[in-house]
Amino acid sequence: MSATAPDVPDRVRIHPAPTLRGSVDVAGDKSIGHRALLIGALSAAPVAVDGVPDAGDVRASAAALRALGVRVELEVDGDGRLAGTVHAPLQGGPDPQPVPIDCGNSGTTLRLLAGVAAGAGRHVLLDGDASLRRRPVDRIMAPLVAMGARASARDGRLPPLDLAGGRLHGVTWDSPVASAQVKSAVLLAGVAAGVEVRVRSPHPSRDHTERMLGHGGVTVRTTHAADGGEEVHLTPGAAPRPKRLTVPRDPSAAAFWHVAAACGAGTITTPAVGLNPGRTGALDVLRALGAAVTVHDAEERCGEPVGTVTVAPGRLTGATVDGALVVRSLDELPVLALAGACSDEGLTVRDAGELRVKESDRIGTLGALFAALGLAFVAHPDGFDVPGGQRPGGGAVDAAGDHRIAMTAAVAASLGTGPVDIDGFASVATSYPTFLDDLAALGGAVEVRDA
Ligand code: S3P
């Protein structure tokens with residue numbers, strides 16, 4: 001397996017599609033895929049994994065573990081996802097020199113691996129592409145330093161991050177942001193170092209790490225405070241011993257099709273997608289807009305709820321997204337903005353300042369995308385307003401190296417009135433390399449432009 005994901009063309013033209021409908025097996029879940037590899041590496045014995053997305057970000061996590069000496073064997077299965085074995089456990093240091101690790105475009109690789117490496121007593125130099133170099137790492141440096149690690153970063157807050165672990169001690173960490181990446185970095189450092197940690201956050205965030213550790217026999221308990229805050233408590237104990245880790249399909253990938261369906265393209269079904277409550281905010285926003293969303297065949301796999309989601313066209317009214325719902329729908333807000341445009345009353349988003357530190361400043365890049373397609377959009381420091389009653393026009397857009405902006409542009413083009421030329425589409429390989437195949441299979445009109 002090479003370190004890079006399958007190619008996705010960088011310059012595409014998407015034409016309006018009369019209908020998009022059918023059933024689509026979306027990519028494996030990126031968030032859970034990272035955790036299967038990283039928790040696999042902290043386990044007491046080799047761990048079999050399957051359903052892992054063959055995506056650039058997850059390949060970055062696999063390559064990072066290999067750089068630290070972990071044998072990670074992954075092969076593409078018949079379904080285009082990765083299956084294989086992580087040969088745990090990750091060995092401790094000392095490292096005579098910091099081990100250079102290229103996290104590519106993946107913030108999750110950088111932040112979660114920081115916890116793993118520091119807890120295991122390794123010395124690493126974590127770096128990435130131009131987008132990742134603009135994203136803050138001080139949010140994970142602070143708790144890891146409080147646990148006894150040494151850390152330095154560019155301007156004290158940006159990658160590259162030089163991080164040296166050691167004999168870490170326990171911590172109670174009050175995170176000012178509700179971030180699953182921060183929470184997971186601290187929990188994984190606690191697991192790797194065998195120390196007790198508590199992480200408090202202002203709102204609950206996705207709990208894939210807690211569930212996978214629990215599935216592996218680690219004691220992790222979550223309590224919710226009256227003010228909406230969350231506290232996660234990890235009790236030190238033996239290394240995880242998970243049985244096979246099966247990764248569900250990615251609800252954040254499915255959201256592109258759910259929005260297309262809700263906006264009238266046709267009925268679309270996405271089987272076996274993850275339904276972790278920390279990830280179902282987009283479905284709740286679509287329901288609040290008045291979309292016809294049904295969930296069937298719900299079951300649990302490796303501690304994660306999974307089910308088939310069908311969305312049918314319907315009349316959309318309007319909705320507001322703020323507070324705890326933002327954390328549960330953050331990655332889907334770009335494509336949900338489109339659902340706002342095709343609703344009657346529009347979509348209002350607040351409390352979403354975190355959008356500004358994703359793969360791009362997503363309030364800025366979404367505003368540019370909407371402007372290019374002739375759609376009204378009002379940016380706010382912590383969110384945006386999208387008026388209703390709008391249909392995208394044709395145009396030319398640059399995805400600014402952001403996979404979710406690229407895929408939002410492709411859905412807008414399919415629902416719109418004219419062709420859209422998208423540059424920078426190759427970024428989609430980081431999370432959903434088969435997106436264009438799935439769009440075409442649903443009835444979309446995809447043209448690859450010359451390089
Ligand atoms: C992720 C958590 C979220 C999300 C990101 C993946 C994870 O980030 O936006 O795409 O896998 O833990 P934050 O936890 O920083 O909000």
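Visitor: How many Å separate the centres of domain 1 and domain 2, taken over C-alpha atoms?

Guide: The centres of domain 1 and domain 2 are 28 Å apart, taken over C-alpha atoms. Before going on, note that this is a predicted model, in which local features need pLDDT of at least 70, side-chain atom pairs count only at pLDDT 80 or more, and totals for chains, interfaces and linings use all residues. Residues are numbered from 1 along each chain as its sequence is written, and side-chain values use heavy atoms, with hydrogens and water left out.

The domain assignment gives domain 1 as 11-27 + 248-448 and domain 2 as 30-246; such bounds come from an automatic or database domain assignment. At the interface, 27 residues of domain 1 are in contact with 27 residues of domain 2, where contact means heavy atoms within 4.5 Å. Between them the two domains bury about 2400 Å², with 49% of it on carbon and sulfur atoms. Buried area here is the accessible area (1.4 Å probe) that two parts lose on being put together, summed over both. Of the area that domain 1 buries against domain 2, Cys302, Glu359 and Thr430 supply 23%, more than any other three residues.

Next come the polar links. Domain 1 and domain 2 have 13 residue pairs in polar contact between them, both residues at pLDDT 80 or more. A polar contact is a pair of N or O atoms within 3.5 Å; within protein, one must be able to donate a hydrogen and the other to accept it, and residues adjacent in sequence count only if both atoms are side-chain atoms. On the side of domain 1 that touches domain 2, β17 (304-312), α9 (324-329) and α12 (403-415) each supply at least two residues. Helices (H or I, at least four residues) and strands (E, at least two) are DSSP runs, numbered from the N terminus. By class, that side of domain 1 has 9 nonpolar, 8 polar and 10 charged residues. For this count, Ala, Val, Leu, Ile, Met, Phe, Trp, Tyr, Cys and Pro are nonpolar, Asp, Glu, Lys and Arg are charged, and the others, Gly among them, are polar.

Charged pairs also cross the interface. Side chains of opposite charge can pair when their charged atoms come close. The rule finds 4 salt bridges between domain 1 and domain 2, a salt bridge being a side-chain nitrogen of Lys or Arg within 4 Å of a carboxyl oxygen of Asp or Glu. Aspartate 331 and arginine 206 form a salt bridge through their side chains, at 3.2 Å from N to O.

Both of these residues are also found around the ligand: the residues there are Ser31, Arg35, Thr108, Ser179, Ala180, Gln181, Arg206, Asp331 and Lys358, each with a heavy atom within 4 Å of the ligand. Arginine 35 has a polar side-chain atom 2.6 Å from an oxygen atom of the ligand. For serine 179, an N or O atom of the side chain is 3.1 Å from a ligand oxygen. Glutamine 181 instead uses a backbone N or O atom, which lies 2.9 Å from an oxygen atom of the ligand.
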